[in-house]
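This briefing covers one protein chain, from its overall build down to a single residue. The sequence and structure come first, followed by notes grouped by topic.

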Amino acid sequence: MALFARELGSGSETIALLHGFGGSHAAWTHVQERLADGAVTLAYDLPGHGASLAYPEAGSAKVAAQSLLEDFATRGLERVHLVGHSMGGAVAALMGILEPARVASLTLLSPGGFGPEINHRLLTRYAAARDEAELRPCMEAMYGWMSPVSDTVIADTLAARAAPGAGEKLIAIAAGLVRDGRQGLLPRERLEAFRMPVSVVWGGLDNVLPARHAQGLPWRFAVHLFPDIGHMLPDEAPDEMLTIIRRTAGLRE
């Protein structure tokens, strides 16, 4: 089964955008439209999400990483710039481990897998939310204190989980995110071996994955900390994320 991807833009470079847990390609709408001015952009629905709901054995970062690498091969893409948020960040980093030659650069926004702590109780409630009354408090907890949660974000998130079986799939994926209350870690020695440009970005008010996960990373990684925003970096600070994505990928600003 093929993954769904919204494709925009043209150019010699390709950028793949990978959303976080419980999201969809719509999380990248504003970022993608501006990146498409100078590159081919692919905003994916990860396995078990959105229009990729029925992807076989969806749930783990490894399945997601392998499915994306297979999609790249089908499209004839030899090198791709990866941008991943939260769970999508863990998937992007794992792709760099599995096939480093295919990854031109990595921009990781509050990525999973960089430390053991994760707010699993919040993510479990988020996965189970079925209407605005249940979803909005979860989303507000994921944003920085002064960052508004737009009605469009709520509507897009609810739409992505409206299909039959989508809610049950999210709950199952949420259960697999942790073991004994902790998330799995990406192997440090493999991250140390990265030679492609890597940027890691965190919000100081992140209530899902703490900003201290950005400490002590390999010296080659460019680390950016935004003290006043939360976990939802692509929506809270799209202009700043665009700048970092373009610089990491070596694209025209």
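## Charge, fold and one histidine

The protein chain carries 22 positive and 28 negative side chains, with the centres of the two sets 6 Å apart. The model is predicted. Its secondary structure consists of 10 helices and nine strands.

**Overall dimensions**

- The radius of gyration of the protein chain is 16 Å, which agrees with a compact globule, because a globule of 253 residues would have a value near 18 Å.
- Along the principal axes, the C-alpha atoms of the protein chain fill a box of roughly 45 × 40 × 35 Å.

**Packing and surface**

- Of the 253 residues in the protein chain, 55% are buried.
- Taking contacts between residues at least 6 apart in sequence, 72% join residues at least 24 apart.

**His19**

- His19 sits in the loop between strand E2 (14-18) and helix H1 (29-35).
- His19 counts as buried because its relative accessibility is 1%, and the cut-off for buried is under 20%.
- A polar atom of the His19 side chain lies 3.0 Å from the backbone nitrogen of Leu46.
- Leaving out residues up to four places away in sequence, His19 touches Ser24, His25, Ala27 and Trp28, and also Tyr44, Asp45, Leu46 and His49.
- The contacts of His19 also include His85, Met87 and Gly88.

Key:
Residues are numbered from 1 along each chain as its sequence is written. This is a predicted model: local features need pLDDT of at least 70, side-chain atom pairs count only at pLDDT 80 or more; totals for chains, interfaces and linings use all residues. Side-chain values use heavy atoms; hydrogens and water are left out. Helices (H or I, at least four residues) and strands (E, at least two) are DSSP runs, numbered from the N terminus. The radius of gyration is taken over C-alpha atoms; the globule rule is 2.2 Å times the number of residues to the power 0.38. Buried means under 20% relative accessible area, exposed over 50%, partly exposed in between (1.4 Å probe, protein chains only). Contact means heavy atoms within 4.5 Å. Lys and Arg count as positive and Asp and Glu as negative; His and the chain ends are not counted. The place of a charge is taken as NZ of Lys, CZ of Arg, CG of Asp or CD of Glu. A polar contact is a pair of N or O atoms within 3.5 Å; within protein, one must be able to donate a hydrogen and the other to accept it, and residues adjacent in sequence count only if both atoms are side-chain atoms.
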